[in-house]
Amino acid sequence: HMIYTGGSSLHHAQCDADADPTDPASWTKTAVILGGGVGGQTGVADHSGVYIEGSTIYLYYRDPSGGLSVATASTATPTVFTKIQAVLSPPAGVDTPLANPHLIKRGTGDYLFYFEGKTTTPLWDIGVAYGTTPLGPFTGGAMDLTGLGSINPGYSTASNPFIVAEDGGYTMWFHSAWGQNQRGSGIPTAGYVATSVDGIDWTVSHGGQQTVRLAHPAEVDQVADFSLVDIGEEKFAFWSANTQYTDEDRVGKIMATRVRRPLARVGAAGEVPLDAVFPAGPVL
């Protein structure tokens with residue numbers, strides 16, 4: 001199942017479990033699930049993030065106020081969502097709109113709610129708020145993550161975190177600008193990976209190299225908005241390819257690939273962690 005932004009509302013598409021999710025022919029668009037009066041949300045609903053706990057799907061999204069709200073559905077009926085409530089308004093010093101929320105659970109009653117926002121610069125940055133349940137409300141939101149601006153301080157935006165628990169800590173996929181090549185609010189962007197022990201202080205991986213570069217003909221201005229999923233024994237990455245400045249229609253496409261990420265290679269000297277080997281080309 002895929003939830004994606006289409007225009008000013010959120011949509012659902014489906015791929016059979018035994019089909020190849022990287023093949024466009026495997027996907028069928030099904031319905032608008034939220035926004036424009038659907039699911040109890042009038043007006044816009046977009047830039048979403050999904051969290052599942054038990055049999056409940058929590059869908060966080062940008063609402064018409066520019067803040068973030070949550071709608072829920074059952075995993076048994078993943079196209080039937082109902083808006084519950086607003087969960088985060090822009091914290092002091094952060095402009096509207098907020099966007100691209102992402103929730104992780106660190107422990108019982110301990111949730112981190114990540115979001116995008118802008119402060120005094122044209123750069124997007126990632127903030128974090130705290131809550132005790134997936135329904136929020138989330139409080140204390142601040143742009144206090146460290147390390148993500150190390151790619152090119154003062155130039156590089158940091159946006160749309162997708163975070164998983166891994167290797168005793170956390171791994172984040174996010175997109176960031178290409179340094180001085182930035183224009184507008186942080187375009188063009190490429191994909192990067194960072195790691196953290198606590199989910200707050202981050203270190204960009206691969207020596208700050210891009211994990212996904214602008215390479216496909218659809219990836220004119222942005223590689224952005226990553227989402228990863230395990231399907232059986234395989235891992236897949238999905239992301240947005242956007243043409244925002246060179247096309248009046250602002251065309252967006254959804255990209256996909258298998259993620260091949262062996263932990264080490266074995267040679268005469270034994271195992272060598274791949275994180276210590278900087279490839280000449282993109283990882284994906």
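This is a predicted model: local features need pLDDT of at least 70, side-chain atom pairs count only at pLDDT 80 or more; totals for chains, interfaces and linings use all residues.
Residues are numbered from 1 along each chain as its sequence is written, and side-chain values use heavy atoms, with hydrogens and water left out.

**View 1. The salt bridge between Arg258 and Asp20.** A salt bridge is taken here as a side-chain nitrogen of Lys or Arg within 4 Å of a carboxyl oxygen of Asp or Glu, and by this rule the count comes to six. In the pair shown, the closest N and O atoms of Arg258 and Asp20 are 3.5 Å apart. The pair links distant parts of the chain, 238 residues apart, with Arg258 in strand E18 (residues 252–258) and Asp20 in the loop between strand E2 (9–15) and strand E3 (27–34). Strands (E, at least two residues) and helices (H or I, at least four) are DSSP runs, numbered from the N terminus. Arg258 is partly exposed at a relative accessible area of 25%, and Asp20 is partly exposed at 29%, where buried means under 20%, exposed over 50%, and partly exposed in between (1.4 Å probe, protein chains only). Asp20 and Arg258 also belong, together with Glu234, to a network of salt bridges.

**View 2. The salt bridge between Lys105 and Glu53.** The closest N and O atoms of this pair lie 3.9 Å apart. Lys105 is partly exposed, with a relative accessible area of 38%, and Glu53 is likewise partly exposed, with a value of 26%.

**View 3. The salt bridge between Arg106 and Asp110.** Here the closest N and O atoms are 3.2 Å apart. Arg106 counts as partly exposed at 33% relative accessibility, and Asp110 counts as partly exposed at 25%.

**View 4. An open sheet of four strands.** The strands follow the order E8-E9-E10-E11 with antiparallel pairing, two strands being paired if DSSP finds at least two bridges between them. E8 and strand E11 (139–142) stand at the edges, each with a single partner strand, so one side of each is left without a neighbour in the sheet. On average, and with direction ignored, neighbouring strands of this sheet are turned by 20° against each other, the axes being lines fitted to C-alpha atoms, for helices over the stretch in contact, and angles running from 0 to 180 degrees between N-to-C directions.

**View 5. The pairing of strand E10 with E11.** Strand E10 (residues 124–131) and E11 run antiparallel and are joined by two bridges. Tyr130 stands opposite Thr139 in E11.
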